[in-house]
Amino acid sequence: MGSSGINAEYMGSSGINAEYMGSSGINAEYMGRYVSVMWPGFIGTASGVNEDGLYLMLNCGSMGPGKPARDLYPIYYQMQQVLAHNPGGDAWGPHEIQKFMEGRFASDQGGVSGAGSVLVFARPVRAGSPAGWVYECDRTGGTVRLPGEAGDGFEHGVMASNHFRKRATRDYFNIYGMDVRPGYFSSAWRYTTGMAALKSYNDTKASVGVGDMQALLQHVAHGDTEHSVVFEAEAMELYVAVADPAAPSWNAPYRQFARLGFEHLFRR
């Protein structure tokens, strides 16, 4: 698999556009450069890539009832810190990034996300490390999900929507006692539809390109997608489409995607 993609669906916003933000550092520590695809004025990031080609995006996850956690950092700030601290080199694998996050940002209950988060990572292929993986986390802890660990029979990539897979129970759809198929059907059908497309791509294509990912994002969109992002890891390119805010519904993946190459995003 050579590409990764996201549909961003946040209800309740108006006048939405995409902003490309960089950072040269907010404290005395060294911080690498990154680009975030986000709304103007947003602090942190929910979808971004750093100059080493480490891509990170957020799906809001699930968290069960219980005592609220203390000493939590916003997950968007944590994501910005992961990208800015440049953990894209060979020394930083999935578990090293997990250790970085939990070592700096864990709450009093041990986890980094109060509401639950499904973080998807992608980067160019490197020997000994996966090109894509998922970090499923909540206020009590976190779990790295590698290709082949989602219980869906697919070993060549990862897929995520808004529910845990590896931290789940009973057929990978039960989260803290709630079966997401009737309880949050949108997350269940989007995962199932997207995974079916990935399996078909794997069976019929030598590689998955930008056009294939755009088509997949169209399949899993449901009328409130404000912007869509495709990251072509080996080519170091971002492709971004933005919905028309005046349209009756937001269908960003059906609109034109703009190419943003690293040669323009990270000029020396």
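**The core and its surroundings**

Guide: Of the 268 residues of the chain, 51% count as buried, where buried means under 20% relative accessible area with a 1.4 Å probe, protein chains only. This is a predicted model, in which local features need pLDDT of at least 70, side-chain atom pairs count only at pLDDT 80 or more, and totals for chains, interfaces and linings use all residues. Residues are numbered from 1 along each chain as its sequence is written, and side-chain values use heavy atoms, with hydrogens and water left out.

The pLDDT, the predictor's confidence in each residue from 0 to 100, averages 82 over the chain, and 80% of the residues score at least 70. Over residues 10-28 it is below 50, yet this stretch has 49 contacts in the model beyond near neighbours in sequence; a contact means heavy atoms within 4.5 Å. Where pLDDT is low, the predicted coordinates should not be read in detail.

The chain holds six helices and 15 strands, taken as DSSP runs (helices H or I, at least four residues; strands E, at least two) and numbered from the N terminus. Among contacts between residues at least 6 apart in sequence, 63% join residues at least 24 apart.

The largest nonpolar core has 24 residues, of which Val82, Met101, Leu119, Phe121 and Tyr135 touch the most other members. Such a core is a set of buried Ala, Val, Leu, Ile, Met, Phe, Trp, Tyr and Cys residues joined through side-chain atoms within 4.5 Å. At least two residues of this core come from each of β3 (34-38), β5 (55-60), α1 (75-84), α2 (94-105), β6 (117-122) and β7 (132-137). The most is given by α1, with five residues. In soluble globular proteins, nonpolar side chains tend to be buried together.

Leaving aside residues up to four places away in sequence, Met101 touches Ile75, Gln78, Val82, Ala106, Val112, Leu119 and Tyr135.

Ser107 is buried, because its relative accessible area is 8%. Its side chain reaches the backbone oxygen of Arg139 at 3.3 Å, a polar contact being a pair of N or O atoms within 3.5 Å; within protein, one must be able to donate a hydrogen and the other to accept it, and residues adjacent in sequence count only if both atoms are side-chain atoms. Beyond four places in sequence, Ser107 touches Ala69, Arg70, Asp71, Leu72 and Arg139.

Notes
Buried < 20%, exposed > 50% of the residue type's maximum accessible area, 1.4 Å probe, protein only.
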